Amino acid sequence: MIAVRLNAAPAGPATERDALAPHPRACLECGAPHASPIAEAEFCSNRCRMAFNNRRAKRGAELYDLFMALRHDRAVATAFKVWRLLNRLAAGFRAEDVAERAGRRSWRSPAAILARRPHLADERVRVRRGR
Ligand SMILES: [Zn+2]
């Protein structure tokens, strides 16, 4: 087994060229180390990026509907035990991740979401138009 330290701080560049070299990161989909020159690159390839995002889109549609019912139609959500359904879906997704992805997470961290959408941390709700 080869241990690779990903996202670890380098010991210190020997040259300016080393300082500018990309640091290895793990692909969010396949877990393989990659060293894209793009600082925020999360994937080793377009294939991995599409697989990651397609799975999230496929899984997310039902989560969206159930969460919106939970948040905005409480009586129906309570009658159908929507919180329980959401947890069952999440448990099933995690079981798939363990079986098919060697346990790698299939979701981005909340910090990554906030980095892309900092307005979510605002106290006031914003209405997004034209998307
Ligand atoms: Zn990959």
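Helices, in the sense used here, are DSSP runs of H or I with at least four residues, numbered from the N terminus, and just after one of these, α4, alanine 102 takes a positive phi of about 55°.

**Confidence and layout**

The chain has a mean pLDDT of 83, with 80% of its residues reaching 70 or more. Over residues 1-15, however, pLDDT stays under 50, and for that stretch the model has 10 contacts beyond four places in sequence. Where pLDDT is low, the predicted coordinates should not be read in detail.

Five helices and two strands make up the secondary structure of the chain, and they follow one another along the sequence in the pattern α-β-β-α-α-α-α. Of the 131 residues in the chain, 5% are buried. Among the contacts with a separation of 6 or more, 15% are accounted for by residues 24 or more positions apart.

**The nonpolar core**

The largest nonpolar core consists of five residues, namely Cys27, Leu28, Phe43, Cys44 and Phe52. One of these core residues, Cys27, is in contact with Ala32, His34, Phe43, Cys44 and Cys48 when its neighbours within four places in sequence are left aside.

**Helix α4 and the loops on either side**

Helix α4 covers residues 82-100, and because 19 residues at 1.5 Å a residue should span 27 Å, the separation of 26 Å between its end C-alpha atoms agrees with expectation. Lysine 81 lies in the loop between α3 (74-79) and α4, while alanine 102 is found in the loop between α4 and α5 (110-116).

Most residues other than glycine have a negative phi, and most peptide bonds are trans. Against that background, lysine 81 has a positive phi of about 50° although it is not a glycine, and alanine 102, likewise not a glycine, has a positive phi of about 55°.

| Residue | Phi | Other C-beta atoms within 10 Å |
|---|---|---|
| Lysine 81 | about 50° | 11 C-beta atoms |
| Alanine 102 | about 55° | 9 C-beta atoms |

Technical notes
Residues are numbered from 1 along each chain as its sequence is written. This is a predicted model: local features need pLDDT of at least 70, side-chain atom pairs count only at pLDDT 80 or more; totals for chains, interfaces and linings use all residues. A residue is buried if 20 or more other C-beta atoms lie within 10 Å of its own, exposed if 12 or fewer, and partly exposed in between; C-beta atoms are placed from the backbone. Two residues are in contact if their C-beta atoms, placed from the backbone, lie within 7 Å. The expected span of a helix is 1.5 Å times one less than its number of residues. pLDDT is the predictor's confidence in each residue, from 0 to 100. A nonpolar core is a set of buried Ala, Val, Leu, Ile, Met, Phe, Trp, Tyr and Cys residues joined through C-beta atoms within 7 Å.
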